[in-house]
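Please have the model open while you read, and look up the residues as they come.

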Amino acid sequence: MIMFTIKRQKKSMFLILGMFLLIISGFFIFQTSGAYEIGEDLDQTQGDENYGYWFDDTVIRWQEFRPMYSTLTRLDLNVDKIGNPGNMLVNITDGQQSLWNTTVLEANIMSGATWVNITLESALPLIPERLYYIYVRSDTDSTSTSDRYTWDGHLNSNYTRGVSSITTQPNFDFTFVTWSLSNDREIYLDQTQNGVNYGFWFEAEVIRWQEFKPLYSTLTRLDLYINKYGNPGNMQIKISDGHRTLWNTTILEADINTFGWINISVDPALPLVPEQSYFISVGSDAPSPDVDNQYVWRGFIKSNYYRGMPSVGDGWPTYDFAFRTWSTPSDTATYLDQVQEAVNYGFAFTDSWNAWQEFVPLFAPLTQLDLNIQRMGDPGNVLVNITDGQTTVWNTTVSQAEIPAPGGWVSISFLSALPLIPGNSYYIYIRSVDPMVSGTHYYAWSGHIVSNYTRGDTNVQSGWPTYDYAFRTWIRSSDLSGFTDQIQDSIDEGYFFSNSWNAWQEFKPYYSTLTQLDLYFKRIGDPGNVLVNITDDQSTLWITTIFEADMPVTEGWVSISFPAPLSLIPENSYYIYVRSEDPYIPLTQYYLWMGHPISNYTRGITNKQASNPTFDYAFKTTGLFCDRSAYLDQVQDSTGLSVMLDEDLIRWQEFIPVYDTLTRLDLYITRDGDPGNVLINISQGQNILWQTMILPTDITILGWVNISIPGSLHLIAGQSYNISICTDTPSTGPANRYYWRGIPGVSSNYYRGISSLEESDPGFDFSFRVWGQYDVNPPKITITNPTNQGYSSSSIWLNFTVNEPTSWIGYSLDGAANVTITENKLLDSLSEGTHNVTIYTNDLAGNSGSFTVDWFTIDTLNPNIDLAGPMNVTYTTDEVWIDFTIDEPASWIGYSLDGATNITITGNTLLGSLSEGSHYLVIYTSDLVGNTGETSVWFTVEIPEPEPTTTIPVEPDGTTAPTTTEPEPSTSTTSIERPSVSTPGFTALIAGFAILSVLVFLRRRH
């Protein structure tokens, strides 16, 4: 309680001082404005504070927290610093071992109540919802209350409360904020209802349900808050769209705690349509005989998400059941559908002539449209619409002010996503509202003669048959209906199949779920139904029947949707088998599975391999884009050369990833006999980032060894890393040894690095594959100079840092066009006044980042002092006012009288007790950037002597005699009044002193 009393007194002083500073800085505050955007997500937060507990080198304070995300990038602590309490030591543990620690120097911590923001040099990987602890202490003993730290906190936490080292205050939480990379989160909370204070029972006959509208397109986990009493049976859960069950599961009674959250994984992920209505239904497989044997689904009357309808709506119209739904993080990005970047042609459009371009979207719906438009002069607004060839499905007006001159990309965001049908043709139409005035006012839609997407028709097809307009369409990845994995569209051959003869084709998927299969058939007559199945060469994974009525009359594509996504392993071999139910009747009734000799995907084998080894059947497979379990980054599949591994012989291969996390490593190894364990590590320079050991029993005689990396390894895209491999025992001979397989030459299908065989075989690459998550994180660029302050030079260095390799860097000064740079840049010949600068950068994966300094000021001119008094005159008093104004804010003002030492002043001041004679006064000032100014004046002080006066006294005889009397004080030739100061800020300063005096007076009386 002693510490708390001191803290209150200190904060009262802070309040008074704060009001004072607010008043004197008011002039400056209202002269600037700006915003700072941070590209990170707030995880846990406790911002307010009203309690504090001290810590030192023996008293350690700690706070428990449960992160929502998988990385920690910054930690903020609210700390009071009094006096000189030493350096602050901070670490984070998982309750058993320290995961990260740092030292914050005392000099870097401001006095008083302040936030200490600690950025981690590299992101700390965490497991969402697992318990972690923040520990804080100093390296110095707190010898008194005048030298110590206090970690502040609050009684009312605004996150799930953890325990802390303050057991005497059970409701106390220390104040802290944790930050995470928004793209590094492993899971994302979609809907949430955490508070619980009501409950409704359910059983076999009483089903409870809650409507919800998901934000994202997959459901990966469902959490329910349940109370269990006695033995109420197994819990049954299903999710429906209101018409049919999409997913269901049973949770055994033994797996349900007495009360708390039940976390239920949905595997494989359930595809949903964002913002549509779905329903969670919960029941039991047993009746509830009494209150001692029943379940209760808890909830709350204040929902913190979009409220849906519950099954208790009639009796409890504001009640929501407590639940949480989770989605994969990759479902939150945007995805570029069509793209045409390069431009070198342009065709004018007017109020009477449309320009249009056909496009066939891969995905639906559409959320943004970009057009590359050239503009000359002031040709008015632009009208844009999208049609399906018959009717307009969307239109908008783009104002002329939004279109750059002389031209560039115009991005048009849709207020609500435009639903399109993937594979259908749509048309973009564009025209202006004003006629073109040739040569002075016109628009042109730009394009290129080499399109990098499937070419459609345009209205310049006849004159420019290879021309495409430049445009881009965007969607949310949460709206992805699917992604075409394998594709073979071209067809010119066909092979029949019957009830006794299968046709089959191998394929290797890139993604982990299959949602649709398309096959191209030719049909003659009425050959019956078709049976299709998919196998992994050992067992059937899926089978269906295509009825003859659903087959094309002559020929065409047949699309087969899967009721539930089929789980596959990326890059494993699978096989599509097709046969008919009826026998083949030559020339009258039969089917042909069509194909082409030139495949546009990695070629597999088919059952036509012997007779036509280059033939591939025509098919397309579609998988959920966001459900891919991993993505192949670097790959070297071919193997031919083998290099022996040994205990003392380390082999290594350089690789340069294009992704920022590594999740799996594959190595092609040959094993002879029992040569011991294999040791593997990944390093950068001299630093080992990850290592593991593979047992001989986990390595086949010959083939790929797939090594998962738990928790993922954080990398920086574009930087160089090495895979190193050796054994823990020497090779005893050909009977017991390992070989790392590879291939010589220049046939590597990834960016070639160097290897441990570089000298003897410089063209050799070891066979390996690394898997990772794509780099979707924007590069972090920081401007270290200039900062928000003034400078006394017109030449300023633009200094910056970037956290990863870049493909381009540029800057914009005061909103001007970007200037490309490769390193720090000297900004010279800057004009007087305020400027702003932004640096932009693109990393090697195409992500963009920027950093803005909202303002900095160039001030090379000395401040000017206008001296109104004293003047070069004679004063008949020994007190004279220094009366002056300054034409800009000052950091210091002083004067020197008659060559004496400078005396600091804050405004007009009175010179008193001046001696008679001549005086020389100099006024000095420094502005906020250090420029100095001065002015001087000579003046004289002459104080006149009093003059005697004569009086005539009356004598006894009635006559008068002269008498001397003292004169009246004479009036000065110069009046003395207290002038005011017009220097900016000084008026506020005087008012501030007045308020401060009142506050101090009230404080003392109190």
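**Notes on charged and aromatic pairs**

1. Let me begin with a charged pair: Asp666 and Arg664 join their side chains in a salt bridge, with 2.7 Å from N to O. Asp666 and Arg664 are both buried. Please bear in mind that this is a predicted model.

2. Now for the chain as a whole. It has three helices and 73 strands. Of its 1006 residues, 46% are buried. Among contacts with a separation of 6 or more, 77% are between residues 24 or more positions apart.

3. The salt bridges number 10. One of them joins Arg472 to Asp370, with 3.1 Å between the closest N and O atoms. This pair links distant parts of the chain, since Arg472 is in strand S33 (residues 471-476) and Asp370 in strand S26 (residues 366-376), 102 residues apart. Both Arg472 and Asp370 are buried.

4. Which residue forms a salt bridge with Lys620? The partner is Asp518, and the closest N and O atoms are 3.9 Å apart. Asp518 belongs to strand S37 (residues 513-524) and Lys620 to strand S44 (residues 619-623), so the pair ties together parts 102 residues apart in sequence. Asp518 counts as buried because its relative accessibility is 6%, under the 20% cut-off. Lys620, with a relative accessible area of 18%, is buried too. Lys620 also lies over the face of Trp557, 4.4 Å from the ring centre.

5. A network of salt bridges links Arg324 with Arg221 and Asp223. Arg324 also lies over the face of Trp261, at 3.9 Å from the ring centre.

6. On to the rings. The structure has 48 aromatic pairs. Trp445 and Tyr469 make a stacked pair, 4.2 Å centre to centre with 20° between the planes. Trp445 sits in strand S31 (residues 442-448) and Tyr469 in strand S32 (residues 468-469), so this pair links distant parts of the chain, 24 residues apart. Trp445 is buried, with a relative accessible area of 0%, and Tyr469 is buried at 0% relative accessibility.

7. Why is the pair of Trp542 and Phe562 tilted? The ring centres are 4.3 Å apart and the planes of Trp542 and Phe562 stand at 35°, so the pair counts as tilted. Trp542 is in strand S39 (residues 540-546) and Phe562 in strand S40 (residues 555-567), so parts 20 residues apart in sequence are tied together. Trp542 is buried at 13% relative accessible area, and Phe562 is buried at 8%.

8. There is also an aromatic cluster to find: Tyr198, Phe200, Trp297, Tyr319 and Phe321 form it.

9. Trp501 is placed in the loop between strand S35 (493-497) and strand S36 (503-507). Its relative accessibility of 32% means that Trp501 counts as partly exposed.

10. Last, please look at Thr93, in strand S5 (residues 88-93). Is Thr93 buried or exposed? Thr93 counts as buried, at 10% relative accessibility. Beyond the neighbours within four places in sequence, Thr93 is in contact with Ser98, Leu99, Tyr132, Tyr133 and Tyr135.

Terms used: Residues numbered from 1 in each chain as written. Predicted model: local features only at pLDDT ≥ 70, side-chain atom pairs only at ≥ 80, totals over all residues. Heavy atoms only, no water. Helix = DSSP H or I, 4+ residues; strand = E, 2+ residues; numbered from the N terminus. Buried < 20%, exposed > 50% of the residue type's maximum accessible area, 1.4 Å probe, protein only. Contact = heavy atoms within 4.5 Å. Phe/Tyr/Trp six-rings, centres within 6.5 Å; stacked < 30°, edge-to-face > 60°. Lys NZ or Arg CZ within 6 Å of the ring centre and 35° of its normal. Salt bridge = Lys/Arg side-chain N within 4 Å of Asp/Glu carboxyl O.
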